[in-house]
Amino acid sequence: MRLKDPFSLKAADMTKRTNKPRKPRDEESSDEVSGLTCQHVSKAVDLNSVKKAVTSSMWSMCSDCLRERTMIDGEPASGHDILVCLKCGFQGCSQSESQHSTKHHQTLHPESHCITISLGTWKAWCFECNEELSTHCNKKALAQTLDFLQKHSVKAASDAFGWTGEEPSDYADQSRGKSPVNNSTLVPVKGINNLGNTCFFNAVMQNLSQTHMLNDLIQDVKEKGHKLKICPPAESNVVRSTPEPLTSAMFLFLHSMKESGKGPVNPKTLFNQLCQKAPRFKGYQQQDSQELLHYLLDSMRVEETKRIKAGILKSFNNPTEKTADDETKRQVKAYGKEGVKMNFVDRIFVGELTNTIMCEECEHISTVKEAFIDISLPIIEERVSISFNFLLRYLLVLPKYDNCVLFAPLHTEKKSDKVYTSARKQMLISSLPPVVTLHLKRFHQAGMNLRKVNRHVNFPLILDLAPFCSASCKNLVAGERVLYSLYGIVEHSGSMRGGHYTAYVKVRSPQRRTEQPQRRNVAGPREASSATQGQWVYVSDTNVQTVPESRVLNSQAYLLFYEEML
């Protein structure tokens, strides 16, 4: 479905700037492209100059952007992707508006400043050959320079967090007046090995690794054998059972991601367990991150439901249809209904939408409720600019006119369908989960072909979902806000023919949850913004680097993860 991009979003733009024909390559290959030997390597790669320039300048920032636009929204300016010139160490952006990396090559001697390495994908590109280069089949200097840049990236990330040795320490942003964060509560960010076209999986797992509630609940399930108490209280309503294979693999993976001082995590065990549940992901073919998230959460949800039901039956000495009396059957059914709702997937990710349809002729109203793991938002290409709130309002709140089939009431025994030619329909959120995942529908059918919408969508760091909630949602009162804070993004760069999934995650302290129900967030804007402190990190498989907030807001988001602000 989606192949990793052979280089970056701007490969197509680079092609337009040269008349040299591109050499064909196998588009069904894995994430690494073999590339060809480049005759410019000997002149265009100078490791010593790169070391000197990189260590004396701001890491992963476009030098020209910093000079021309020193600040954007209080953060240093940066491009969507940064390319390092391997001749002089210049860091330039590849944004279509600026293209400072391309201008650098054109301004200086072309054949001496023609090779760059992307800090986002770690792929090498020669402007003169108009071709991606392989670090394995070219001269040793290219591989050595790549190795230095990757090690420097790790060091820059460590310095940004204040990590020394194997243990992460407190980090603080003193220049902006932010207080240090307790190191014992932070989940470190680690790279994840690519098993072969598994960037779609890695990007999702980075976001799940930074979902604090998931870490807490799955830890509880594993360590305590999940002592599940179901009301009404009774001695027989305590469920003790061990997790199923996929859930156990998820626990081990999350535990590995939290261990400090080790290199990238190998996700093979977890990925193989998922493939057992969903064979479509076997074979290391290109896949879709949103579909992966659905299959992963649904499969764990099924496992948990099965485990909880088995535990309930065990608590009643495993009754059968023949041996159980009516009271036992009633209790097992009641406990099962309540217990299923308590699986950790539902408690974190699952919400409810209410779809209301009203006929304008007879004013008959039909209401349908459906559970959701994420909310898919269409991208409207006709608009000049696209705001996130507009997409939510367009999908959920604004009434839509349609030809709808409504079910007439029963006063007879037979059901009959009535077709009305004019009806209004509206969707609202009737139950909100602690984590809301929003999916921007970038891939859609266009006739016989699939195409991608590359439009940028402006999304907020703090999202108020109150305007999109029904009146019955958590007993909202007038003027009350329902605030969610952005903590993770899955980004897709490239096209349908070649693309790459990466992640942006926010390292932050977990919020304190209490067992008592709380009122929704009614804090003012200043109080709300203070709850979002933390450090954004960009992750592309094994590449991990800290980035400013401005770069996050410029990303081509595909999935967005928001957590409820308590």
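## Phe 344 and the nonpolar cores

In this predicted model, Phe 344 is in contact (heavy atoms within 4.5 Å) with Leu 214, Leu 217, Ile 218, Val 221, Thr 247, Met 300 and Glu 304, leaving aside its neighbours within four places in sequence. Phe 344 also belongs to the largest nonpolar core, which has 48 residues. A nonpolar core is a set of buried Ala, Val, Leu, Ile, Met, Phe, Trp, Tyr and Cys residues joined through side-chain atoms within 4.5 Å. Buried means under 20% relative accessible area, exposed over 50% and partly exposed in between, with a 1.4 Å probe and protein chains only. Along with Phe 344, the residues with the most contacts inside this core are Met 205, Leu 208 and Met 250.

A second, separate core contains 35 residues, including Val 457, Ala 466, Tyr 484 and Tyr 538. In soluble globular proteins, nonpolar side chains tend to be buried together.

## Basis of the values

Residues are numbered from 1 along each chain as its sequence is written. The model is predicted: local features need pLDDT of at least 70, side-chain atom pairs count only at pLDDT 80 or more, and totals for chains, interfaces and linings use all residues, while side-chain values use heavy atoms, with hydrogens and water left out.

## Overall composition

The protein has 16 helices and 23 strands; these are DSSP runs numbered from the N terminus, helices being H or I of at least four residues and strands E of at least two. Of its 566 residues, 51% are buried. Among contacts between residues at least 6 apart in sequence, 72% join residues at least 24 apart.

## Strand 3 and its partners

Strand 3 (residues 82-85) is covered on both faces, with Ile 82 and Val 84 buried on one side and Leu 83 and Cys 85 buried on the other. Strand 3 pairs in the antiparallel sense with strand 4 (residues 91-93) over three bridges, where pairing requires at least two DSSP bridges between the strands. Cys 93 in strand 4 is the bridge partner of Ile 82. Five residues lie between the two strands of this hairpin, in which Gly 89 takes a positive phi near 85 degrees.

Strand 3 also pairs in the antiparallel sense with strand 5 (residues 115-118), over three bridges. There, Thr 116 is the bridge partner of Cys 85.

## Leu 119

Leu 119 lies in the loop between strand 5 and strand 6 (124-126). Leu 119 counts as buried because its relative accessibility is 1%. Not counting residues up to four places away in sequence, Leu 119 touches Trp 59, Ser 60, Asp 81, Ile 82, Val 84, Gln 91, Tyr 538, Asn 543 and Gln 545.
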